[in-house]
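The following exercises are to be worked with the sequence and the three-dimensional structure in view. Each task is followed by a stepwise solution.

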Amino acid sequence: MQHSPQTLVALFNQTFIPSYNTELICCEEEPIYRPADALHPHHRIIFAHGFFASALHEISHWCVAGKERRLLEDFGYWYEPDGRSAERQAEFEKVEVKPQALEWIFSVSAGFQFHFSADNIALNNQPSQKFQEAVYNQVQCYLQNGLPNRAKMWSNALIAHYRKNEKLHKTEFSL
């Protein structure tokens, strides 16, 4: 199946502009979230370079962010670019567990290959085993206990389009 960023944009926008006043936009050099302002009536999730995985990842951050954070540029989160120390990388991995768990679920919902991201070339861009296990455990928790509302809406939209409503199974996720 074709994994077009334009399809993601259309699916996301028809799902979330009416309900959450949020649109998905392609393609800037760097991904960013921008809340609505005087010039833009919708909140905007902007993903990088037209990469399908970038869109899924940025949407996962949006699904984790609470109502107040969704009023802040980039949800008010810190971001330290490539070159983080091992200690800062551990902090990065801790805050990335839920977003990457959702990204994995969204990837499987769309029949798309998921890759863990350490987002740090300085440390060989390899996520730690501990991080991978934490993400896997969070996926299992979400599958067992249910997804947050926006994540569920998005997973369901992806499943309806890419899987013809074939439900997710725990066996589709493994380390």
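**Exercise 1.** Locate His 57 and determine whether His 57 is buried or exposed.

*Solution.* His 57 lies in helix α2, residues 52-64; helices are DSSP runs (H or I, at least four residues), numbered from the N terminus. The model is predicted: local features need pLDDT of at least 70, side-chain atom pairs count only at pLDDT 80 or more, and totals for chains, interfaces and linings use all residues. Residues are numbered from 1 along each chain as its sequence is written, and side-chain values use heavy atoms, with hydrogens and water left out. The relative accessible area of His 57 is 15%, so His 57 is buried (under 20%; exposed is over 50%, partly exposed in between; 1.4 Å probe, protein chains only). Leaving aside residues up to four places away in sequence, His 57 touches Glu 96, Gln 100 and Glu 103 (heavy atoms within 4.5 Å).

**Exercise 2.** Compare the span of α4 with the expected value, and identify its buried residues.

*Solution.* From first to last C-alpha, the 17 residues of α4 reach 24 Å, close to the 24 Å expected at 1.5 Å a residue (1.5 Å times one less than the number of residues). Buried residues of α4 include Phe 131, Val 135 and Tyr 142. Just after α4, Gly 146 takes a positive phi of about 100°.

**Exercise 3.** Which helix supplies the largest share of the lining of the second largest pocket?

*Solution.* α4 (129-145) and α5 (149-162) each supply at least two lining residues. The largest share, four residues, comes from α5.
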